[in-house]
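Try each one before you read its solution.

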Amino acid sequence: MKVQINVDRCQGHGRCYDIAPQLFGEDDEGYSTVLGDGVVPPDLEALARRAAANCPERAVELAEEA
């Protein structure tokens with residue numbers, strides 16, 4: 001699984017980095033960023049899904065890898 005932030009949708013609520021600080025951070029303006037290359041380790045997939053589900057703008061996007 002990979003995670004990314006749709007920067008056009010992100011409003012900077014910070015729910016993703018509150019829920020999954022191992023996967024998300026914030027930039028200098030308070031908007032969410034993906035840490036690293038966006039690849040989600042298997043043990044953090046549930047947190048990534050929770051972060052995506054809790055984003056009010058649906059800016060957190062998940063992509064399943066084959």
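**Exercise 1.** Is Cys16 buried or exposed?

Some ground rules before the solution. This is a predicted model, where local features need pLDDT of at least 70, side-chain atom pairs count only at pLDDT 80 or more, and totals for chains, interfaces and linings use all residues. Residues are numbered from 1 along each chain as its sequence is written, and side-chain values use heavy atoms, with hydrogens and water left out.

*Solution.* Buried means under 20% relative accessible area, exposed over 50%, and partly exposed in between (1.4 Å probe, protein chains only). Cys16 has 5%, so Cys16 is buried. Cys10, at 11%, counts as buried too.

**Exercise 2.** Find which residues of α2 are buried, and on which side they sit.

*Solution.* Helices (H or I, at least four residues) and strands (E, at least two) are DSSP runs, numbered from the N terminus. In α2, pick out Ala48, Ala51 and Ala52 as buried. They share one side of α2, because they span an arc of only 100° around the axis (the arc of the directions from the helix axis to the C-beta atoms). Now look at the face turned away from that buried side: it carries the exposed Ala46 and Ala53.
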